[in-house]
Structure formats: structure tokens, C-alpha cells
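User: I'd like a close look at the charged side-chain pairs in this one. Could you walk me through them?

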Amino acid sequence: MDTVLIIGAGAAGSVVAQKCAMDRDTFKHITLASRRIESCKKVAKMCKTPIEIAQVDADNVAEVVALINKVKPDLLINMALPYQDLPIMDACVETGTNYMDTANYEPREIAKFEYSWQWAYQDKFVEKGITAILGCGFDPGVSNIWCAYAQEHLFDEIEYIDIVDCNAGDHGKTFATNFNPEINIREVTQDGKYWKDGEWIEIPALSIRCDIDYPEVGPKASYLIYHEEEESLVKNIKGLKQIRFWMTFGEQYIKHLEVFKSIGLIGLEPIKHKGMDIVPMEFLKDLLPVPSSLAEGYTGKTSIGVIVRGKKDGKPLTKMLYNVSDHAETNKEVSAQAVSYTTGVPPVSGAAMFFKGIWSGKGVFNVEQFPSAPFLEDVAKRGLPTTIVDLAPGAQDELFSVKT
């Protein structure tokens, strides 16, 4: 196995293509495809070794099938929009092609994401004898694999998991999102939820907040939101009592969101404007900076980790597994800010795991179902090392004291 087809040439897709092009021992044949061929041409010029490019409408199953039949990839890496997961998976089933993505499916017409739509492909992938690897980005992705590593190597029992995500960078814009604006805003403004004692508990959007102490960044206001990896980790981490996901947002970001929401700019239902139907969220997206344009001059760091509490040898144990990435350093390497970098590097490692047979199986899998240690070793070599520390008594007390 050595041939990969990447669909999606946005900020994170660009990172995937560039990092694959740095490892021609593993990725001998690389094709990057997107709706806009100009985006592919731009990325191809940034790659250190030549790659092929193609144009494709990822919503069109027939077009994706035709491209797959032309390229004959051993693995398709889906870096397109979450709306397009299912048509791309349909094309993979039709052609018998292995599949990987970094984010789960979302319907266009409602701000909701869950794995049920993709897990429903289990029998189809088994019957075709092919593999689907879901959520191989950072969170979901590396966050899942940290939890699996903790279960396999660090703990006898895991009771509580807090996934904590901080971007302490400054891009200098009044308001911008670090990945697709529509997906980012939908994710943040929908109601939150977390899992506790065997049930999902829903909360109003951004209604629970606390300060979390992030490595190399310090204390930052963090909000409890729902994130897709919680859904699969509940299934795959045994004995879990509670799992929560926290993300940092600055005051200015929150204020903008409140205004956008209050005047209807994040609406998903079409409205009439001068006799034409427009979707407010899509209009807002077109007004905001393109995420790939943020890298130049971006300062600061991302600090993302999982805090795991449980027992080892009958004694309480708390550990944090985390990564810190610097926006300026990632820009220097691949002309991308750190949010795109942390999303784009893991699928390259995941693809390497698959090509080497370390990750294998027929059907639909979340990444925590595969061996964790080889992946973490590989992704560290590609630029995302993991640090593991014991949390001393008193550390993260505010987080642990939040009543949920």
C-alpha cells in the first residue's frame, strides 16, 4: 500500500498533502482533489515533492467514484466538509476503497453531529472487505488515542475524562475562526452536553464555564461544549463515569457570537434577499477571513490535552496527556497556523499505520479501537509530540469542582 487520495484542499487538507509529500517512502503516489482546482494548484506548489491534483465535487458520488477509479488509491483521506462524509463513504463502498476522515458527519440543514450515520455503514464496509477510520484529526483523533493509551498503559480503571482544548494564539483579526467558519460556529452555538453515570445531560450553549490551567499557556476561561469524540469514547473506555469537553473562547469571540445569533446571522433556513434565497450562515461565512489566510503573523500557542482520573494498583491516579504547538513554528514549516497543523498531521500518521498493517480490520472504526502506542510514536516524529505528567494534589481544582 502506497497510494493516497486526499479530498479537500483547505487549510488542514493542505497540511495533509504537504506532510505526505515529505514522506515518499510511505506515500509513493499522492493525489489532492477539491472542487476548486486553483486551491489544489496552490497546495501543490507548496509541497516539497510533486503530487498529482484533480477536480471533484465531493457531494457528487458519481464524480468521486470516477476519480477513485482513475487514481486507484489504497486509502482515501476525506478532508472535505463534514456534510460530505456520507457521499464520499458511498463512493468508497461502491469502489471498494478504504476511507479515513477527521470529523463526523453533519447534515447541512441542522446544527447536529453524531456518529450514528457513519456507524450505520458497518455492514457495508465489512461486506466489501474494506476499512473506515473515523475521526483521525486532533480532537477527535489524538484526544481519543490518548484515552486509549491511558486505558492500555497507564491505568487499571478510568473513571473521569476531561478533554481540554485551548488556542491561546492571536491572529490579529477582529473576528475569525481557525477552521471552516460555518462548522466552527455551528459547533459552538448548539447546546452543549456531557456524559455522566450512564446518561447524556444537555445544557444551554456556553452556560458552564471555569478556568483551566493549560500547559505553557496558563489559566484560561473554558466552556463546556459537546464534541463528537465523547460519543465513541463512552463506548470504548471501560468503566467510565463521566466525560466532558472544554474549549477556550475569548470575550470578543463570545460577544461576536451573541450578536450574530441575535440578528439571525447563524440561521440555517434560507431567507429572501432581493428576490433570492440565501442562507444567513453561508452569507456570514463568506464575510469572514478564510482560515488558511490566518497563518502569516499568527502568534501564540495551542495547548490541547486530556486529563484522566482513575486508579492504578488500587490507588487514585490523575494524569494529563497533552501537546503544545506554536503557530509561528507550524507556519514556518507548512504555511499553516497550529489549529490546521494539529488537524492535518494526525491523518498522515493514521494513514501510515494503515499502510503498515498496524491499524487493520474490516468495517467502521474509531481511532481509539486501534493500537495507540505506535501511532503516538509516529505522530511525534511528524511534529506532534505527547507529554505525559502526573497532576499534583490541588492542580486543576477549579475544573474538578465544577458541578455537572
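To start with, which residue does K112 form a salt bridge with, and how far apart are the closest N and O atoms?

Analyst: Bear in mind that this is a predicted model. The partner of K112 is E114, and their closest N and O atoms sit 3.6 Å apart. That falls inside the cut-off, because a salt bridge needs a Lys or Arg side-chain nitrogen within 4 Å of a carboxyl oxygen of Asp or Glu. As for solvent, K112 comes out as partly exposed, with 36% relative accessibility. E114 is partly exposed too, at 21%, and that is just over the line, because buried means under 20%.

Another one links D277 and K272, with 3.2 Å from N to O. Here both ends count as exposed, D277 at 52% relative accessibility and K272 at 62%.

Then there's D390 with K319, whose side chains meet at 2.6 Å, N to O. K319 is buried, its relative accessible area being 13%.

Salt bridges can also share partners: R35, D57, D59 and R108 are joined that way into one network.

Terms used: Residues numbered from 1 in each chain as written. Predicted model: local features only at pLDDT ≥ 70, side-chain atom pairs only at ≥ 80, totals over all residues. Heavy atoms only, no water. Buried < 20%, exposed > 50% of the residue type's maximum accessible area, 1.4 Å probe, protein only.
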